[in-house]
Amino acid sequence: MISSRTARALFSDRASGSPPVPDPAPAAPAQVPPADGSWQLPDGAWKYLVIHHSGTSAGSVQAIHREHQQRRDADGNPWLGIAYHFVIGNGSGMADGQVQATFRWDQQLHGAHAGNALINARGIGICLIGDFEKTAPSVRQLDALRKLVVQLAGRYQISRRQVIGHSSVRSTRCPGRLFPLRKIQEAVPQA
Ligand SMILES: [Zn+2]
């Protein structure tokens with residue numbers, strides 16, 4: 001059972017004042033019993049892959065999770081924890097090229113990474129550890145990202161144009177000027 005307190009927390013890092021996500025189709029059987037069904041996305045709901053950098057030289061799922069648990073949304077409610085669905089390590093904090101799914105992916109929860117309600121609801125957030133304003137991602141990170149993007153794009157029928165950097169949806173430098181977005185997009189087969 002999910003308590004009403006937990007249910008409230010599930011909504012807490014949604015953008016303040018954002019409309020509820022419409023539920024266009026009967027939801028697939030839930031992996032976790034939802035409090036009211038609305039927070040859990042039906043299968044096939046993912047429409048975007050949103051790529052971020054951590055903006056730090058080192059990092060891990062655990063470290064980001066702890067940091068994001070300290071954050072509060074505009075209503076003062078604490079975030080659930082790490083905002084992303086996947087993290088790819090750079091050898092400092094996690095192995096170089098290691099891909100780790102977070103609780104948001106395991107539970108198929110909305111993200112809190114984009115600063116945009118639609119993209120948070122429909123975008124899979126992928127964070128590469130590093131500051132790509134200063135240094136380029138490692139070869140292993142890019143290999144791992146390419147494989148992950150191709151796999152997810154194939155599974156959810158996400159097109160090249162729906163593989164985006166954070167800066168496409170919000171005024172930010174993320175994922176950094178040294179991140180080769182075009183090359184990652186081009187790894188996705190054309191429909
Ligand atoms: Zn970002």
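Helices (H or I, at least four residues) and strands (E, at least two) are DSSP runs, numbered from the N terminus. Residues are numbered from 1 along each chain as its sequence is written. The model is predicted: local features need pLDDT of at least 70, side-chain atom pairs count only at pLDDT 80 or more, and totals for chains, interfaces and linings use all residues.

Start with the sheet. It is open, has five strands in the order β3-β2-β4-β1-β5, and its pairing is mixed. Two strands count as paired if DSSP finds at least two bridges between them. β3 and β5 each have a single partner strand and stand at the edges, so one side of each lacks a neighbour in the sheet. From one strand to the next, the twist averages 25°. Angles here run from 0 to 180 degrees between N-to-C directions, and axes are lines fitted to C-alpha atoms, for helices over the stretch in contact.

Now take the pairings one by one. β1 runs parallel to β4, and six bridges join them. Within that pair, Val50 stands opposite Gly125 of β4. β1 also pairs with β5 (residues 163-165), again in the parallel sense, over three bridges. There, Ile51 has Gly165 of β5 as its bridge partner. β2 pairs with β4 in the parallel sense, over three bridges. Val87 has Cys127 of β4 as its bridge partner.

Stay with β1. How many of its six residues are buried? Six of the six are, so the strand is mostly covered. A residue is buried if 20 or more other C-beta atoms lie within 10 Å of its own, exposed if 12 or fewer, and partly exposed in between, with C-beta atoms placed from the backbone. In a regular strand the side chains alternate between the two faces of the sheet. β1 is covered on both faces: Tyr48, Val50 and His52 are buried on one side, and Leu49, Ile51 and His53 on the other.

Next comes the core. In soluble globular proteins, nonpolar side chains tend to be buried together. A nonpolar core is a set of buried Ala, Val, Leu, Ile, Met, Phe, Trp, Tyr and Cys residues joined through C-beta atoms within 7 Å. The largest one here has 30 residues. Leu49, Val50, Val87, Ile88 and Ile126 have the most contacts inside it. At least two core residues come from each of β1 (48-53), α2 (61-69), β2 (86-88), β4 (123-128) and α5 (139-156). Look at Ile126 for detail. Leaving out residues up to four places away in sequence, Ile126 touches Leu49, Val50, Ile51, His52, Tyr84, His85, Phe86, Ile88, Leu145 and Leu148. Contact means that two C-beta atoms, placed from the backbone, lie within 7 Å.

α5 packs on the sheet. It touches β1, β2, β3, β4 and β5, and its direction makes about 170° with that of β4. Which residues of α5 are buried? They are Gln141, Ala144, Leu145, Val149 and Ala153. These residues lie on the same side of α5 because they cover an arc of only 155° around the axis. That arc is taken from the directions from the helix axis to the C-beta atoms. The buried residues pack against β1, β2, β3, β4, β5 and α6 (181-186). On the other side of α5, Val139, Gln151, Gly154 and Arg155 are exposed.

Most residues other than glycine have a negative phi, and most peptide bonds are trans. Gln157 follows α5 and sits in the loop between α5 and β5. Its phi is positive, about 55°, although Gln157 is not a glycine. Gln157 is exposed because 11 other C-beta atoms lie within 10 Å. Gln108 also has a positive phi, near 55°. Gln108 lies in the loop between α3 (103-106) and α4 (117-122). With 18 C-beta neighbours inside 10 Å, Gln108 counts as partly exposed. In the loop between β5 and α6 is Pro175. The peptide bond from Cys174 to Pro175 is cis, with omega near 5°.
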